[in-house]
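Here's a quick tour for anyone meeting this structure for the first time. Have a look at it, then read on.

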Amino acid sequence: MPEVFIDGERYIYEGEQRLLQFIQDLGKEVPFFCYHPSMSAPANCRQCMVKVGQPIKDRETGEYEVDENGDRVIRWFPKLQTACNMMISDGMVVHTQETDELVSRAQKDNLEFILINHPLDCPICDQAGECPLQIQTYKYGPEGSRFEVKKVHKPKRVQLGPRVILDAERCINCTRCVRFTDEISKTHQLTITSRGDKNYPITAPNTEFDDPYSLNTVDLCPVGALTSADFRFKARVWEMNQTPSIDITNAKGCNIDLWTRDNLVLRVTPRFNEDVNDHWMPDEGREAYRIFNENRISRPKQKLDNEQVQSSWNNAFATISEQLEEAEKSDVLFVASPHASVEENYLFSKFASLTGYRTPLFTPHIEEGKGDGFLITDDLAPNTNGCRLLGLEEKSASEIAKAVKKATVVILLGDHLVDRGILTSEDLKEKFVAAFATNNSETTKIADLVVPITTAAEHAASYVNIDGRIQRTFPAKETKYTNRRLDFEMSEGRLDRYGTSFDNWVTDNNKVDCLPMWEIMRRVAEQAGLEEFQYGSGREVMEEIASISEPFNGVSYEAMDEQSGIQLDSIKPTTVQS
Amino acid sequence: MAYEFTKEDLQEIEKIKAKYPEVKAATLPALWVAQNRFGHVDENVQKLVANTLDLPESHVHGVATFYTQYYKEEKGKYVLDVCTCLSCQLCGGYDILEHLEKNLGIKKGETTEDGMFTLNEVECLGACGYAPMMQITNDQYVNNLTTEKVDKVVEDLKNGKVPEYEQIEMPLRNVK
């Protein structure tokens, strides 16, 4: 096995490896800015400098030359080397800043150079708190600045594109954003203009940075040079809670983090998952935070005299039961949804089958030609495959419409069929329509009963993506009935952990009056005299699904958490263009 | 204004492209073809070059803005780069610059109204041995300048007469 010595410790390695990546994988640290594991390493920030040497080998005997103490004689590179583009080779000896005075001095001096023209506006900079430059300056940088003359001024507040804003003065020219458009999104929209201390990234003249993946450059930016036009100045990083979740705006199921403060989702960032989305996500998915905050249905609503009025939960459950009892079984139609999770759809279909109704139908939400073979898919729903695996009846839009026209009682689960143009308000007249939904829409406006359910940001539930990978969400924001401090699934932010109750602002209106589907189905089932719906959480629902449904065998929340999602055998992944 | 390459230009660009394994390498010489044709490589010319080479516009823009020898805006017919770096400065580079400013009626960085001359102050052009000096449109060096010599060069240029390349003998050390 080839070996490498880092700070006096011996490690064995396999294959071709970049030194910086290897050091990071060991859990050790070397500061850097421009390196990114998914992109090329141009080594232009010069921050990851280390001292590297190679033992001298006798070419004829293949023996290492040794000194009088029996130690290998090391031939050091004449200058310090950047660890990011240095490939490890057998016998290599590396000294990082932890053991070598020269290396730590070089890194400190390099930071002083980088900081020469960097503005000291951390207090108003969005990146502060998650800024590699800030963190590494604290750790490795000089105490103060010796630079006494005027800093170079560059353009500020440049609207690069509809979603990204540039502050060129903050830029340290790491070129990560340029390489992202060259190597990952392949739109080649960015370049570095000018040179010397006047350079900064920009688009070609008269063009817009409208890359569908443009906001990834904001995450990539190691300083506050690129900021999101939408999230700018909205919140400080340390005030927010970060909760892992899944992108529900398309079928790829990008792994994401939801950032919440005061029970509002303020931004969405991608979370690394090698098998799904690597480090990236499409810009569209980041807009989804609005779904969780805005236009939410809070408290059940009921139609009285053709007008929807606020109702109560008890009233809502009683109404559904009444309607189901009154109608002929064949006249009742359950419409499931690819937009809802596996658990929700399962409970829906379990209820239908136990009470002797027709198996719920669903229709995929496809927009032909939207997909790009990368992270954007034709399928606009996160769980189409989940519905299929649960054995729900897949129907085309026209078939659904036909079935709805025949029924007298229609129960919709979260799919806004009127907004999608599949049904018209005429189709739903003279029928009893109950909608389990998260957000107000044209469809819920028509419904006779609207029951608010939790969104992906409020419950733990799983979704099967286009490649047959089942992944799950965590509750990120509280509802009226949940409490961050009591629910172990919910993340704790810095203020939850260390703050007093006066540090955290709580706006009660931000908590939506809605219930998870398992809670609702339990109450509905109780009204119908069924006892089989005693679930405390989505976790228990998934345990039941896994035990009775063949395709979901072996699936559990624990397993999904450990392996960051599970590839189900029954669906073959589509080949992804890289 | 829409810029277009002539047939000859396109042929030349094809020849340049054939020299390199990748078309990206042809960016610099193709920009020269463009600058020789149009006198500058402004945004529109950069776009034309990008389209001709089938390269991203941003790449061509980045390359063009990196080099000061590519003119990113329209310049005069003759661009006079007067060196005021150390050697020239000591030998009167600023005097030459000021003389030209007065003579042409423009400040450094500006272009005369008739579009004949652009005057620039530049850093060292590597001709310290024959300071003070200036360069004409990225090309000929005019060395050992005096105010009279500058006046003559300007007069000649007005009449379309570009100074010839000058070979200067370096004073050799006397070797016995």
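Let's begin with helix α8 of chain A, residues 313-326, in what is a predicted model. The helix has 14 residues and reaches 20 Å from its first C-alpha to its last, close to the 20 Å expected at 1.5 Å a residue.

Which residues of α8(A) are buried? They are Ala316(A), Phe317(A), Thr319(A), Ile320(A) and Leu324(A). Look down the axis of α8(A) and these buried residues fall within an arc of 160 degrees, so they line one face of the helix.

| Element of chain A packed against α8(A) | Residues |
|---|---|
| β15 | 301-304 |
| β17 | 332-335 |
| β20 | 409-413 |
| β21 | 432-437 |
| β22 | 449-452 |
| α14 | 517-527 |

Now step back to chain A as a whole. Its secondary structure comes to 16 helices and 25 strands, and its C-alpha atoms fill a box of roughly 95 × 60 × 50 Å along the principal axes. Of the 578 residues of chain A, 45% count as buried. As for contacts in chain A with a separation of 6 or more, 65% of them are accounted for by residues 24 or more positions apart.

Further along chain A there's an open sheet of three strands, in the order β23-β24-β25, with antiparallel pairing. At its edges stand β23 (462-464) and β25 (566-567) of chain A, each with a single partner strand, so one side of each is left without a neighbour in the sheet. Strand β24 of chain A, residues 469-472, pairs with β23(A) over three bridges. Within that pairing, Val464(A) stands opposite Ile470(A) in β24(A).

Next comes the meeting of the two chains. How many residues does each chain bring to the contact? Chain A brings 13 residues and chain B brings nine. On the chain A side, strand β9 (residues 190-193) gives the most, with four residues. By class, that side of chain A has four nonpolar, eight polar and one charged residues.

Chain B itself is assigned domain 1 (7-66) and domain 2 (78-158). Taken over C-alpha atoms, the centres of these two domains of chain B are separated by 29 Å.

Key: Residues are numbered from 1 along each chain as its sequence is written. Chains are lettered from A and ligands numbered from 1 in the order in which they are written. This is a predicted model: local features need pLDDT of at least 70, side-chain atom pairs count only at pLDDT 80 or more; totals for chains, interfaces and linings use all residues. Domain bounds come from an automatic or database domain assignment. Two strands pair if DSSP finds at least two bridges between them. Helices (H or I, at least four residues) and strands (E, at least two) are DSSP runs, numbered from the N terminus. Two residues are in contact if their C-beta atoms, placed from the backbone, lie within 7 Å. Ala, Val, Leu, Ile, Met, Phe, Trp, Tyr, Cys and Pro count as nonpolar, Asp, Glu, Lys and Arg as charged, and the others, Gly among them, as polar. The expected span of a helix is 1.5 Å times one less than its number of residues. A residue is buried if 20 or more other C-beta atoms lie within 10 Å of its own, exposed if 12 or fewer, and partly exposed in between; C-beta atoms are placed from the backbone. The arc is that of the directions from the helix axis to the C-beta atoms.
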